[in-house]
Amino acid sequence: MSITLSLSHHSTAGRMVKTGLTASVIVSQWTWAATLLQSSNVAWQYGVSGPFWYASGATIQVLLFGVLAISLKDIAPSAHTMCEIVRARWGKSAHLTFLFFAFCANIIVTSMLLLGGAATVEALTGMKYELAAFLIPWGVILYTSTGGLKATFMASYLHTMIIFAVLITMITLVYIKVYSSDQIYSFLDNTVSYSPEQCMAIYSTEGTVETSFFYSGDKTVLGQTEGTAQYACGPVSGNAQGSYLTMLSGDGLMFGIINIVGNFGTVFVDQSYWQSAIAARPASAAKGYLLGGICWFAIPFSLATSLGLASTALMLPISRGEAGSGLVPPAVADNLLGSAGAVLVLIMLFMAIVSTGSAESIAVSSLVAYDIYREYINPEATGKQILWVSRVTIVVFGVFMGLFAKDALLNRYCLASSSQIALNAMGLNLGWVYLFMGIVIGSAVIPLWNMMTWDKASGKGAIIAAWGGFALALIAWFVGASVESGSVSVATLGSNPVMLSGNLVAILSSGFIHYVYSKFIDPQEYDFSTLDANIHLVEQDTAGLTEDILDKDEIRRSKRWIVRRGYLLTFVLIIVWPILSIPAQVFTESYFAFWVLVSIAWGFGAAIVITFLPLFESQDEIGKVCSGMFNFVMCKKVEGEEFAEEEPVKEVDEPAEPVKEPEAEVEADAGESA
C-alpha cells in the first residue's frame with residue numbers, strides 16, 4: 001500500500017488538490033520564460049496592443065480547458081494521462097498518434113524555457129549561452145524526481161508568490177515610484193515623433209547618419225540607410241497614426257490570432273494541464289482553472305504594460321534581435337535598479353523555468369511510464385516499477401533537453417547543413433519558436449476536445465485530422481513564405497502573415513476533417529459511461545476516487561458553472577474588450593492612465609488572491625502542522641484525539657482477534673464433547 005500511495009502522490013497528487021492550490025499551479029506552469037520575456041517583446045513591437053493580445057490570447061485556453069477538466073472527472077476519473085483516455089476510447093493507432101503530439105508539445109515548451117532563460121542569464125551574468133541552457137534543467141531534476149507531482153504543486157505555489165512579488169515591484173517602480181503614467185505617455189508620444197534621419201543619429205556611435213547602426217542593429221556595421229528599423233524609434237508600422245498608444249494595430253491583431261491558435265495547442269495537447277485536472281477535486285478543477293486563468297492574465301498584461309512600454313518610452317538601445325530573444329525585461333530592470341534589477345529578473349525567470357520545467361518533467365514521465373512502459377513493455381507493471389520508470393525518465397528528459405538546447409545554440413554559430421535548420425531556428429529566436437508552436441501541435445486540439453465532449457467523434461477521423469492538419473499546415477507555411485518573399489528561409493518563415501497562415505490551417509483544417517469524417521463517413525454512438533472501465537488502475541489505486549468526491553450531481557453543477565463562466569469570459573476577453581477600445585483609437589493621456597490603473601489593480605488583486613487563498617483553504621492542515629512542530633520542539637506529549645492516529649490501535653486489535661477466535665472454538669468443541 002505504501003508503494004501505491006507513493007505512486008498516487010507522484011503522478012496524481014492523490015486527486016485531492018483544492019481550488020486555491022490548483023489555481024496557483026495553473027498560474028505557475030502557464031508562466032513560461034516566454035510569458036515574462038516574449039510579452040514585453042510584443043509590447044516593444046506593437047505598443048499597448050501587444051500585452052493585451054498576449055494575455056487574452058493565452059488566457060482563454062485555460063478558461064476553456066476547465067470544461068475538459070470537469071468532463072474528465074465525469075467520464076474518466078481514473079485516468080493518469082490524456083493518452084490513456086485516447087487509448088481507452090479510440091485504440092492503439094490513435095494512442096500512438098496523440099502520444100507523438102503530446103511529446104512535441106513537451107519538447108517545444110521545454111525548449112523555450114531553456115533558450116529564453118539562457119539568453120537572459122547570458123545577458124545579465126556573462127555565462128556562456130550554451131552552458132546556461134545545459135545547466136538550467138538540473139534545478140528541476142532533483143526535487144521533481146524525488147517528490148513527484150505533490151512536490152511540484154507545493155513548489156509551484158512558492159514560485160508563483162515570488163513571481164508576483166517581483167511583478168508588483170516592477171509595476172510600482174515604473175508607474176508609481178520612478179515614473180508616472182503621464183510621463184510614460186509623454187515619452188511614448190515622443191518616441192514616435194522622430195524622423196528616420198533623427199533615429200539614425202540617435203542610434204549611432206558619433207551622433208551622425210554615417211556612423212549609424214539604426215538599420216543594421218550591429219555597432220560594427222555602420223552607415224546603412226535603409227532596411228528594417230532595428231530599434232524602437234519613429235512611427236510604428238501598421239498602427240493607427242504610427243502610435244504605440246492604440247489597440248488599432250494590424251500586426252498586433254495578427255499576433256493575437258497566432259497566439260490564440262498556438263496556445264490552444266500548448267494547453268490542450270500538453271499533458272501537464274491534464275495532470276493538474278486529474279489531481280484536483282471536481283469542484284476545484286472547475287473553479288481552479290477559471291481563477292488560475294484570471295490571475296495569470298495579470299502576469300503578461302501588467303508586466304509588459306510596465307516593462308515593455310517603458311523600454312520604448314525610454315528608448316533603450318535594445319535591438320530587434322535582442323527583443324526577440326527576450327531581453328526587454330532585464331534591460332529595463334537594469335536601467336531602473338542597476339544590478340538589483342538584474343537579480344530580480346533572474347529570480348523571477350528562474351522561478352518560471354523551475355515551476356514550468358518541473359510540470360513538463362512530470363508530464364513526460366507520466367506519458368513514458370503509463371503510455372509506453374505499462375502499455376507496450378510491461379502491462380503487468382507494479383506501482384514500484386512505474387514509480388522507478390517515472391523517476392528515471394525525469395532525469396533522462398532533463399539531460400536530453402539540456403543537450404538538445406546546447407546543440408541548438410551551437411548550430412546558431414555553425415550552420416553546417418540544411419538538416420540543422422530546425423535546431424538553428426529554435427536557437428535563433430525565442431519569438432520565432434513561440435509563433436511556430438501552433439503549426440506543429442495545433443492540429444491535435446479539436447480532436448482532443450471532441451474526444452471528451454462529442455459521442456460521435458471517430459477515432460479514425462481523429463487520426464486523419466491530426467496528421468492531415470499537420471501536413472496541410474506545413475504546406476501552407478512553406479508556400480506562404482515562398483509567395484510572400486520569393487524564398488524559403490528561417491527569416492521568411494518567421495514573418496507574421498506566414499506564421500498566421502500555418503497556424504490557422506493547422507487548427508481549422510483539422511477541425512473540419514474530423515467533423516466531416518465523424519458526421520458523414522464514420523459516425524459513432526459512443527457511451528461515455530463505459531470509458532472509465534477501460535482505464536486500468538495500478539494495483540487498484542483509488543486515491544481520491546471516493547463516492548462523495550465523484551458525486552455525479554456535484555460534477556454536473558460544476559460543469560454548468562465552468563461552461564457558463566468560461567465561455568462568457570472568453571467572449572469578453574477576445575471580443576468585447578477589443579471592440580470597446582476601438583472608439584478610443586489613439587489613447588488620450590487620461591485613457592492611458594485608466595488602462596495603466598486596470599493593469600496595476602489586476603496585478604495587485606491577482607497577487608493577493610493567489611497568495612492567500614491556498615493558505616486560507618488549508619488553514620486547518622497548516623495549524624495542525626505548526627502545532628505538531630511546536631510540540632515536537634518543546635518535547636510536549638500531545639494528549640487527546642486531535643493528533644491521535646487509529647493505526648496503532650488497529651495493529652493491537654487485529655492480531656488479538658485471530659487468537660481469541662481459536663480459543664472460542666476450542667471452548668465450544670470442549671462443550672460439545674462433554
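Surface patches were built from residues with over 30% relative accessible area and no salt bridge; like charges were joined within 9 Å, and nonpolar side chains (Val, Leu, Ile, Met, Phe, Trp, Tyr) within 5 Å. Accessible areas came from the Shrake-Rupley method with a 1.4 Å probe, and for residues only the protein chains shown counted as cover. Lys and Arg were taken as positive and Asp and Glu as negative, while His and the chain ends were not counted. Each charge was placed at NZ of Lys, CZ of Arg, CG of Asp or CD of Glu.

The model is predicted: local features need pLDDT of at least 70, side-chain atom pairs count only at pLDDT 80 or more, and totals for chains, interfaces and linings use all residues. Residues are numbered from 1 along each chain as its sequence is written, and side-chain values use heavy atoms, with hydrogens and water left out.

A patch of positive charge lies on the surface. Lys287, Arg560, Arg564 and Arg565 make it up. Helix H24 (residues 552–581) contributes the most, with 3 residues. Helices here are DSSP runs (H or I, at least four residues), strands likewise (E, at least two), and both are numbered from the N terminus. Arg565 sits in helix H24. Its relative accessibility is 34%, so Arg565 counts as partly exposed. In this scheme, buried means under 20% relative accessible area, exposed means over 50%, and partly exposed lies in between (1.4 Å probe, protein chains only).

A nonpolar patch was also found. Leu248, Leu568, Phe571, Val572, Ile575, Ile579 and Ile582 form this surface patch of about 570 Å². Ile582 belongs to the loop between H24 and helix H25 (589–617). Ile582 is partly exposed, because its relative accessible area is 42%.

Salt bridges were then searched across the whole structure. A salt bridge requires a side-chain nitrogen of Lys or Arg within 4 Å of a carboxyl oxygen of Asp or Glu. The search returned 5 salt bridges. One of them pairs Arg374 with Glu84, with the closest N and O atoms 2.8 Å apart. Arg374 lies in helix H16 (residues 339–377) and Glu84 in helix H5 (residues 82–90), so this bridge ties together parts that are 290 residues apart in sequence. Both Arg374 and Glu84 are buried.

Arg87 and Glu375 also meet through their side chains in a salt bridge, at 2.8 Å from N to O. This pair links distant parts of the chain, with Arg87 in helix H5 and Glu375 in helix H16, 288 residues apart. Arg87 has a relative accessible area of 28% and is therefore partly exposed. Glu375 is partly exposed as well, with a value of 26%.

Arg557 pairs with Glu554, the closest N and O atoms being 2.9 Å apart. The two residues are 3 apart in helix H24, so about one helical turn separates them. Arg557 is partly exposed at 42% relative accessible area. Glu554 is partly exposed at 28% relative accessibility.

Cysteine pairing was examined last. A disulfide is a pair of cysteine sulfur atoms within 2.5 Å. The count by this rule is 1 disulfide. Cys199 and Cys233 form it, with sulfur atoms 2.1 Å apart. The link is left-handed, at -85 degrees about the S-S bond. Cys199 and Cys233 are both buried. Cys83 is buried at 0% relative accessibility, and Cys295 is buried at 3%.
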